[in-house]
Amino acid sequence: MQKDYYRYKDIQITKEIVPFIKHMEQVENNREMLHDLSNNWNTLSLLSQLGDAGVNMSEIKNNFTTLSSELINHLAAELLNKNISEMNFKAQVAVDIVIRNLFERTADIGFLATDDDIRNFLINNPTKYTSSYTNALNPLKKRFQEYINKYSVYFDIILMSPSGEILANLDTRVDISKSYDPLFKEVLTTNKEYVETYRYHDFLPHYEKSLVYSYKVTKDNNQNSQVLGLLCLCFKFQDEMDGIFKNLVNKEKKEAITLLDKDGFVIASSDIYQIPIGAKLEIILDDRFKIVTFGGRDYIAKSKKTNGYQDFFGLGWVGHIMVPIDHAFDDTKEDDFEMSQDLLLSILQNGERFSEALKNIPIQANSIQKNLNRAIWNGTIKQGSRQNHNKQFSKALMQEIKTTGENTKNIIGSSIANLTKTIILGDSVFYADLIVDIMDRNLYERANDCRWWALTSEFRKILNTTQISANDTKRMNDILSYINDLYTVYSNLFIYDLSGTIVAVSKQDKSYLIGKKLSHNWVEKSLKLSDSSQYCVSDFTSSELYNHEYTYIYNAAISSLDETKVLGGIGIVFDSSQQFATMIEEALPKQSDGTTMDGVFATIATKDMMIVSSNYEKHQIGTFLNIDSSYFSLNAGESTSEIIIYDDKYYALGVKCSKGYREYKSKSDAYINDIYTLFFSYISDVSNVILENETRFLISNELQFEHSEHTRDIATFMIGDQWLGIDAQSIVEAVHVSELKTTITIDPNHHFKGTLIYNDQAVMVIDIKKFLQEEIHDEYKEIIIIKYGDPEHYLGIFINSLEEIPEILTDNIKNLNSEIIGDGTLVESVIFFEKHTSSKNVLSLLSVEKIIKELVSPEQNRMLHKQIKL
């Protein structure tokens with residue numbers, strides 16, 4: 001599709017990036033550098049005319065200018081894409097994380113509504129006016145407080161009679177005695193297991209809006225059982241959203257993340273001074289993004305619907321993010337790892353996630369630079385053949401032209417390399433963070449569950465008897481089974497006495513465990529817990545309680561009703577294999593059809609690098625990661641990202657250390673267990689990434705000797721690893737190897753390789769590597785054309801690269817003694833550079849006469865059979 005272009009300062013840019021480019025400091029810096037170089041090109045173009053450089057500056061400048069515009073467009077487009085990708089991710093996570101949390105709340109209300117203590121209270125106290133009400137209220141409120149202490153996502157629990165009379169709550173500010181909220185009708189008539197409402201509730205008069213989960217309390221679990229009352233769990237909605245926003249917001253960008261109701265009204269905001277609660281915003285789902293104006297400020301905006309969780313979608317809320325355009329690209333965070341530009345550019349060429357247009361930019365830059373190098377080399381040759389009184393000025397000018405070209409190419413290469421790194425790393429830390437956050441939130445619930453279920457009155461009564469009867473065991477089994485049916489994240493629940501002997505289980509197929517004495521250290525620890533706020537967790541290890549697979553077992557002490565002594569404990573076996581795998585699978589990036597993107601996987605591991613879960617088949621649970629251990633020195637909440645080699649492949653790696661959730665694994669929690677998520681995103685196979693070391697020749701450098709009338713210009717080049725030269729007077733020019741024409745079948749072992757057309761003449765091209773006994777693994781890239789004879793003839797010779805054209809004192813050229821070496825070489829002399837710092841300290845000069853005599857003249861073509869050494 002044809003793109004519309006607009007003029008921006010000195011370049012052409014696409015319509016999409018017009019509103020943003022002036023705010024992209026990184027792109028602007030590159031544009032300014034390229035603009036400065038463009039001015040240099042203009043100056044050099046003028047000077048080249050004065051210096052007779054023999055280089056077509058206009059074409060070279062236009063090529064670089066066109067490529068610079070392409071570069072700026074790609075940089076801006078990719079930077080915009082990166083920001084839009086981050087916005088999509090954050091808007092999606094903002095709504096999905098809260099929906100996952102609220103799914104747990106729907107289970108809480110259904111389970112708590114069946115609590116025997118609440119039922120007994122309502123049976124004995126249907127109103128406030130019973131004789132036992134006052135004495136029964138405090139124990140119930142204490143139980144409510146215990147619940148909130150465990151499940152700290154709630155700020156109040158309210159129990160009402162079927163007529164609306166408020167029988168119990170925790171907020172002492174509420175002074176109303178009866179509710180007339182329409183919630184009653186909805187709860188009493190619903191066929192669901194919960195009612196979710198976000199609005200004003202008259203029984204919470206201090207809140208303009210509140211999120212409440214409600215359900216009826218019945219006499220028993222039978223479907224048509226008598227309704228005893230109505231129970232409400234009041235969720236800390238704003239508090240929860242503040243925590244989610246804090247984990248997502250980039251303060252440098254001044255971004256505002258919000259949650260919108262189904263009508264587009266803001267119900268939660270990360271920055272109420274930018275986007276206040278109650279504001280009406282446009283829901284932007286179908287567009288990639290939109291530029292919107294709010295409060296006199298322009299924003300980039302995007303909305304995302306929830307993906308839901310286990311078929312729970314909540315109340316139709318939408319995640320929405322708005323980033324001020326003037327700060328959208330203010331991200332000064334630098335990657336804390338280094339990788340060579342050459343390697344990044346090679347990865348770019350082989351990576352599957354990069355567009356062909358982007359891959360083509362460094363290739364074009366390289367091609368332009370090579371053409372420039374060849375043009376300068378040729379210009380230097382031509383100057384040597386002219387009567388040029390300004391020779392040194394012209395040489396210096398051409399070196400400056402070459403340097404400017406290399407600077408232009410380097411800026412382009414550096415920009416593309418940095419862009420490659422940005423694209424590669426992308427959202428790697430985001431996904432690692434998402435997985436570990438989901439895990440922390442999930443395990444928070446596990447720590448709550450074991451402590452709350454340990455307070456079950458029936459367990460406490462039975463364990464306090466002198467002997468547990470068969471009926472007692474059945475009663476505990478039934479309760480555990482009921483709980484386990486509701487909370488399917490556990491493979492088994494069990495109760496053990498003070499000796500560590502299992503006395504009840506939730507699963508009938510685990511009944512063989514009853515009577516088994518446990519000797520694990522976590523049993524001993526749990527029996528020493530001093531109050532109901534404490535819990536302990538097993539190490540991540542294989543357990544006979546989990547079919548000898550690896551898992552965590554959460555435990556809490558069961559104390560007597562008067563809390564004077566510990567009677568035993570409850571253990572809940574987390575279904576680690578299934579649950580951790582699900583966390584990873586649901587968090588990984590998806591394709592449009594909902595399947596996980598190719599080439600990505602994640603691994604959860606302990607601090608000692610034991611694998612907890614992974615969707616990578618080579619990462620088996622319970623084995624240890626073979627990776628740099630420094631990633632596991634990250635502290636709680638810290639993250640990093642790098643490009644690494646793993647299993648002979650390049651991956652973008654994002655690593656995040658867990659930081660807990662609310663009080664779980666916080667500073668106030670005695671439980672310490674750093675868990676790490678490693679997110680891998682495939683880039684390319686290592687074997688496909690080949691670094692090309694380009695030789696950068698100089699027009700004038702330390703190889704240059706004193707200027708004198710007794711000097712010779714030597715045109716040098718590489719064939720394989722040999723540094724060779726020919727007197728510049730014998731060189732016509734160099735052309736790209738693509739000029740070679742082959743129209744006949746040629747013996748591959750023969751040195752004749754084809755012809756090219758030069759000055760309307762067919763020029764024979766030969767390969768002399770055989771006569772240098774040189775193994776050539778790299779492809780030839782250039783052909784040098786030499787002249788010989790009278791009348792003048794031409795011959796082409798394959799070479800690998802063009803090198804310096806130094807001006808050499810004739811005294812430093814050492815001729816070889818032909819009587820000693822005979823005709824067994826194409827070399828006629830050598831030059832030694834003792835002070836030269838490079839490895840190329842010997843230059844061998846080829847004899848044009850010998851090349852013609854031995855390889856071109858048919859009657860003297862004997863070297864082909866002799867394989868003469870250099």
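In the predicted model, strand β8 (residues 256–260) is mostly covered, with five of its five residues buried. The burial extends to both faces of β8: Ala256, Thr258 and Leu260 are buried on one side, and Ile257 and Leu259 on the other. Strand β8 is joined to strand β12 (residues 318–324) by five bridges, and the two run antiparallel. In this pairing Ile257 stands opposite Ile321 of β12. Strand β9 (residues 266–269) also runs antiparallel to β8, joined by three bridges, and here Leu259 faces Ala268 of β9. The hairpin of β8 and β9 has five residues between the strands, and Gly264 in this hairpin takes a positive phi near 95°.

Helix α6 comprises twelve residues, 237–248, and reaches 17 Å from its first C-alpha to its last, close to the 16 Å expected at 1.5 Å a residue. Its buried residues are Phe237, Glu240, Met241, Ile244, Phe245 and Leu248. Viewed down the axis of α6, the buried residues fall within an arc of 130°, so they line one face of the helix. An α-helix has 3.6 residues a turn, so residues three or four places apart point the same way.

An open sheet of five strands is formed in the order β14-β13-β19-β18-β15, with antiparallel pairing. Strands β14 (502–505) and β15 (536–537) stand at the edges, each with a single partner strand, so one side of each has no neighbour in the sheet. Strand β15 pairs with β18 (residues 553–559) in the antiparallel sense over two bridges, and Val537 stands opposite Tyr554 in β18. Helix α12 (residues 470–486) lies across β13 (490–497), β14 and β19 (566–574), and runs at about 150° to β13.

How values were computed: Residues numbered from 1 in each chain as written. Predicted model: local features only at pLDDT ≥ 70, side-chain atom pairs only at ≥ 80, totals over all residues. Heavy atoms only, no water. Helix = DSSP H or I, 4+ residues; strand = E, 2+ residues; numbered from the N terminus. Expected span 1.5 Å × (residues − 1). Buried < 20%, exposed > 50% of the residue type's maximum accessible area, 1.4 Å probe, protein only. Arc of directions from axis to C-beta. Pairing = 2+ DSSP bridges. Contact = heavy atoms within 4.5 Å. Axes fitted to C-alpha atoms, helices over the stretch in contact; angles between N-to-C directions.
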